[in-house]
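Morning, everyone. I have one chain to go through today, and I will start with its surface. Please have a look at it first.

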Amino acid sequence: MVGLSEILATFVMIAISGYLVWTLLGIRQRRMKFAAEGGDDYSGGAMEPEALSNPDEEALEDMDNLLEQAGFTMPEEE
């Protein structure tokens, strides 16, 4: 037989789930409204794509440092 505590716990879990779904839908609505107003100007493209094909020395050093921080190492050339 189902006890009172199990029924109460079930209702609490249902209420929490409902609140989380409501919160996620609210966030989704705000993001859709923000995008509809033109607030999302990110296109994903580089501002100067030709500059990416010829990196300077500083950019190469920065990339090397980032790769080392991430744990990637290049084997030493012989």
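Let me begin with Glu-58, which counts as exposed because its relative accessibility is 54%. Here buried means under 20% relative accessible area, exposed over 50%, and partly exposed in between, with a 1.4 Å probe and protein chains only. Before I go on: this is a predicted model, where local features need pLDDT of at least 70, side-chain atom pairs count only at pLDDT 80 or more, and totals for chains, interfaces and linings use all residues. Residues are numbered from 1 along each chain as its sequence is written, and side-chain values use heavy atoms, with hydrogens and water left out.

Glu-58 sits in helix H3, residues 57–69. Helices are DSSP runs of H or I with at least four residues, strands are runs of E with at least two, and both are numbered from the N terminus. The chain has three helices and zero strands, in the order α-α-α from the N terminus.

Which residues form the negative surface patch? They are Asp-56, Glu-57, Glu-58, Glu-61, Asp-62, Asp-64 and Glu-68. Patch residues have over 30% relative accessible area and no salt bridge; like charges are joined within 9 Å, nonpolar side chains (Val, Leu, Ile, Met, Phe, Trp, Tyr) within 5 Å. A salt bridge is a side-chain nitrogen of Lys or Arg within 4 Å of a carboxyl oxygen of Asp or Glu.

Now the nonpolar patch. Leu-8, Val-12, Met-13, Ile-16, Tyr-19, Leu-20 and Trp-22 make up about 800 Å² of it. Met-13 belongs to helix H1, residues 4–36, and is exposed at 57% relative accessible area. Trp-22 is exposed too, at 61%.

Tyr-19 and Trp-22 are both in helix H1, three residues apart, about one turn of the helix.

Finally, of the 78 residues in the chain, 0% count as buried.

How values were computed: Accessible areas come from the Shrake-Rupley method with a 1.4 Å probe; for residues, only the protein chains shown count as cover. Lys and Arg count as positive and Asp and Glu as negative; His and the chain ends are not counted. The place of a charge is taken as NZ of Lys, CZ of Arg, CG of Asp or CD of Glu.
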